[in-house]
Amino acid sequence: MENQWGLFDCLGGYRRFMAESQVPYPYTQPQLQAIRASISEPRFATYLSKGGNHEAYALALYLYNARLAKAFLYPLNVVEVTLRNAVDEVLVATFQQNWHQTEAFRSDTLTVEGLATLNKAIQRAGPNASRDQVIATLTFDFWSNLFRSDYGSLWRTNVNRAFPHLRHGESRQDIQNLVKAINAFRNRVAHHEPVLDMNITDIHGKIIRLTELRCVETAAWMRHYSTVGAVVRTRPRRDGTMANSLSTKLDKNYVSAMPDTQLSDLVGAIDEKHAAIICMDQNGRPMAAFTSLDVTRYISARAKELDGLIALTEHTVADLINNIAIDERWVTMDEAEPVSLAVKELQKPRIQVLVGIERESGKATGAIVRAHRRY
């Protein structure tokens, strides 16, 4: 039963989602006003708008956002430490132990902005600081920026040293895409900005993927202990229940393939009821997703190169993935997340396929092809 402040009973509504404590917080109107003043009206207005001007729902969303940020502290910690240690290994091998002091790195490699950031870190660490102390002081922005095209020569022969599990065809650019997205998300968390309407599953997947490219075991450890999936499932609705989940809209009739699947077998499995094609790894986790139109485009392009003659048994799904720019055209999302977030992803200009996954295993559970408008 709803009380005069719009808060539901602890057994059925916001209170059970609001905080780690199982004891309901006894809101009164003066307390609500005091909390809003402390948060600041401009900041609270963001949540009030998302909550349809419903004060109690806005507070529930605020606390949900805080839980999300807290849940990401562990995976962000692991990926940041893993990334900087990977880069440090390359810099030591290229510029010697004290690379932060060598002229070859400082003047011949770093951009003006990069050198300024390094100098600030050295200043903060102290004049007699060791390389390890300087590394601990450098920001994630510094490590992220080292993968920009300005540093292409540094990674031309070193990217596989830092990330030994890169797939064939992947490069520095793929690392930069991952790091850039993770860094932007990290900064939002660090500045207490809203992240509740972002594709949390995609960000979490990028964090795991970047770690996996360096160390498969560390990525598996992170995935096992991460609480992000559990927190996502606590997102409240205005009526105090959970939001409609993506799982209710997923199309289970997708074509499952492996990197070594021949196109002859793939073409035979495609029909009007199987629009999405998901390429899986050996554990059933999605590596890429595309549509029959992508298959047609690939076959057409190869046929033109061969005067119309193409043997489909000589081409695999891996060949298709490596020759068609599909990396930014598909996205994964936890099947337990609200449908509304999936819609936002599918409305982005480049996204053509959204793959639902089971949080615990990371396995694909269904897909939505943008053109079908199943949502």
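Biologist: Which residues of helix α3 (residues 41-50) are buried?

Modeller: In this predicted model, F44, Y47 and L48 are the buried residues of helix α3. Viewed down the axis of α3, these buried residues fall within an arc of 105°, so they line one face of the helix.

Biologist: What covers the buried residues of α3, and which exposed residues does the face turned away from the buried side carry?

Modeller: The cover includes α2 (29-39) and α4 (55-95). On the face of α3 turned away from its buried side are the exposed residues P42 and S49. Just after the helix, G52 adopts a positive phi of about 65°.

Biologist: Why is L73 called exposed?

Modeller: Exposed requires a relative accessible area over 50%. L73 has 53%, and therefore L73 is exposed. L73 belongs to helix α4. The C-alpha atoms of L73 and V189 are separated by 8.7 Å, although the two residues are 116 residues apart along the chain.

Biologist: What makes D197 and K50 a salt bridge?

Modeller: The criterion is a side-chain nitrogen of Lys or Arg within 4 Å of a carboxyl oxygen of Asp or Glu. The closest N and O atoms of D197 and K50 are 2.6 Å apart, so the pair qualifies as a salt bridge. D197 lies in the loop between α11 (172-190) and α12 (200-214), while K50 lies in helix α3, so the pair ties together parts that are 147 residues apart in sequence.

Biologist: Why are D197 and K50 called partly exposed?

Modeller: The partly exposed class lies between buried, under 20%, and exposed, over 50%. D197 has a relative accessibility of 25% and therefore counts as partly exposed. K50 has a relative accessible area of 35%, so K50 is partly exposed.

Biologist: How many salt bridges does the structure hold, and what makes R285 and E212 one of these pairs?

Modeller: The structure holds 25 salt bridges. For R285 and E212 the closest N and O atoms are 3.7 Å apart, which is within 4 Å, and the pair therefore counts as a salt bridge. This pair links distant parts of the chain, with R285 in the loop between β2 (276-280) and β3 (286-291) and E212 in helix α12, 73 residues apart. Salt bridges that share partners join R167, E170, R209, E212, D281 and R285 into one network.

Biologist: Are R285 and E212 buried or exposed?

Modeller: The limit for buried is under 20% relative accessible area. R285 has 18% and therefore counts as buried, and E212 has 19% and is therefore buried. Another pair is E170 and R167, whose side chains meet in a salt bridge at 3.4 Å, N to O. E170, at 21% relative accessibility, counts as partly exposed, as does R167 at 34%.

Biologist: How do you know that R106 has no salt bridge?

Modeller: A salt bridge requires a nitrogen and a carboxyl oxygen within 4 Å. The nearest side chain of opposite charge to R106, that of E103, is 5.0 Å away, so the buried R106 has no salt bridge. R106 is located in helix α5 (residues 103-106).

Biologist: What makes the pairing of R106 with the side chain of N119 a polar contact?

Modeller: The limit for the pair of N or O atoms is 3.5 Å. The side chains of R106 and N119 make their polar contact at 2.7 Å. Not counting residues up to four places away in sequence, R106 touches residues including L115, L118 and I122.

Biologist: Why is R359 called buried, and with which side chain does the side chain of R359 make a polar contact?

Modeller: Its relative accessibility is 10%, so R359 counts as buried. Its side chain makes a polar contact with the side chain of H204 at 2.8 Å. R359 is placed in the loop between β5 (353-357) and β6 (364-369). Leaving aside neighbours within four places in sequence, R359 is in contact with T201, H204, G229, R233 and D334.

Biologist: How many disulfides does a search of the whole structure find?

Modeller: The search finds zero disulfides. As to individual cysteines, C279 has a relative accessible area of 0% and is therefore buried, whereas C215, at 28% relative accessibility, counts as partly exposed.

How values were computed:
Residues numbered from 1 in each chain as written. Predicted model: local features only at pLDDT ≥ 70, side-chain atom pairs only at ≥ 80, totals over all residues. Heavy atoms only, no water. Disulfide = S-S within 2.5 Å. Buried < 20%, exposed > 50% of the residue type's maximum accessible area, 1.4 Å probe, protein only. Helix = DSSP H or I, 4+ residues; strand = E, 2+ residues; numbered from the N terminus. Lys, Arg positive; Asp, Glu negative; His and termini not counted. Polar contact = N/O pair within 3.5 Å; in protein donor to acceptor, adjacent residues only side chain to side chain. Contact = heavy atoms within 4.5 Å. Arc of directions from axis to C-beta.
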